[in-house]
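Hi,

Here is the structure I promised to pass on.

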Amino acid sequence: MKLVACSLDPYDLWCTPFGIRVRELFYQGNLLGKLGALVIALVDWLLPLMSRKLLGAQPRAYPILSAHYWLLMVYRGQLSDCRMALDDLRSQVLGLPDMSAWGLGFPWMSKNGLYGPDVPFVTHTPYVMEALLYLAQNEECHDEAMEMFYGTWPFLESLKVMYEDGDRLLALSYAPVDEPRIVVNANSYAAFAHALHAVHGVEDVRELARKKSLHLASWVVCQQEESGRWWYYADRDPGNFVDGFHSCFVVKNLIKLRHLLPQVGVVVDDAIEKGWRYIREEIYSDSAGLCRRFAVRSHRDPYLWDLYDQAEYLGLLIDFGLLDEARMFADGVEQRFKKGEHWYCRIDMFGRRWGRDFLRWGIVPFWYHQARLARALKKETD
């Protein structure tokens, strides 16, 4: 089938065999890795479209992009063909036996090691789970959508236990592979995904899903510092950082979890408020009217602003009911990141827009939250 939402991507150069090897050497502290990373970064920054053309990079689909796209269509009232949406999401299942799961769809080298193109992620799969639940509201797609949704439970069960403290705390891996470091925002996604099964899953998994969701959320809350911030990794080893959109992810997932399981409010409410206050005070810039990329950096690059940070902050403004502020913020972001009919995903230190129509990286998520905002404003005035 022809996939609906395809695009070039910021990772195109880095997921090539050369890019993967360079990142591996870079994380090992190798001088050649550092030089190679500098070369790729410069080419990517200065010649984003030409470099991709020379490498033969083609626009492609990404599950997280497709899920946002179909949810966007739902919020706009433009989802006229649930069958097309369902087929699109099914076509990107990673082919795992007896389960439904989604990931990047391309190889990726991170500080945790190499993830192959067929490795699913707990940070990606919940977006598709949400989309499937919306599609299941259509009688024509209900049974198939729910079958795919139920298939995500074996995926969640396949995640590695990274930390467990009796019957109170639980931390899982980012993917069903061995990993050296625990990712905090991934466990907020795991808590949300388990909560979805606690409410919408098959009857015999609901109680276990509820307990695991609570234990995962409790672990995430325990990782929060008094300031309200969460580090990316649950450690203080080199390469750790605190940034905008991952901080927003944690707060967003705890809010969604609380909506599904109100009884966990006693665990997460204070953490949500502290995390939101930290984002407002340390990530959002009053003078720029935009969210900073980092509060604590692990590396340097030429980009000053990122649309993904703005998209997730806009989503939280809506979640907290700050609709007038959300409207003004969204208008300001659009003025900065859109030129003519094109959207860009980053702005560099010279004020140049970068990443034209790289949809996955913040553009479609921002459109999605714009559609949420439009619906919320309309509901407020009706």
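**Salt bridges, then a pocket**

Arg-83, Asp-87, Arg-90, Glu-140 and Glu-144 are joined up in a network of salt bridges. Bear in mind that this is a predicted model. Over the whole structure, the search turns up 26 salt bridges.

One of them pairs the side chains of Asp-9 and Arg-360, at 2.7 Å from N to O. Asp-9 sits in the loop between β1 (6–7) and α1 (17–27) while Arg-360 belongs to helix α15, so this pair ties together parts 351 residues apart in sequence. Both Asp-9 and Arg-360 are buried.

Another has Glu-130 meeting Lys-256, at 3.1 Å from N to O. Since Glu-130 is in helix α6 and Lys-256 in helix α11, the pair links parts that are 126 residues apart in sequence. Glu-130 counts as buried because its relative accessibility is 14%, and the cut-off for buried is under 20%.

For a contrast in setting, take Glu-334 and Lys-338, whose side chains form a salt bridge at 3.6 Å, N to O. Glu-334 is partly exposed, with 26% relative accessible area, and Lys-338 is also partly exposed at 26%.

Now the pocket. Helix α15 gives the largest share, six residues; other helices that supply at least two each include α4 (63–76), α9 (184–200) and α13 (307–319).

Cheers

Notes:
Residues are numbered from 1 along each chain as its sequence is written. This is a predicted model: local features need pLDDT of at least 70, side-chain atom pairs count only at pLDDT 80 or more; totals for chains, interfaces and linings use all residues. Side-chain values use heavy atoms; hydrogens and water are left out. Helices (H or I, at least four residues) and strands (E, at least two) are DSSP runs, numbered from the N terminus. A salt bridge is a side-chain nitrogen of Lys or Arg within 4 Å of a carboxyl oxygen of Asp or Glu. Buried means under 20% relative accessible area, exposed over 50%, partly exposed in between (1.4 Å probe, protein chains only).
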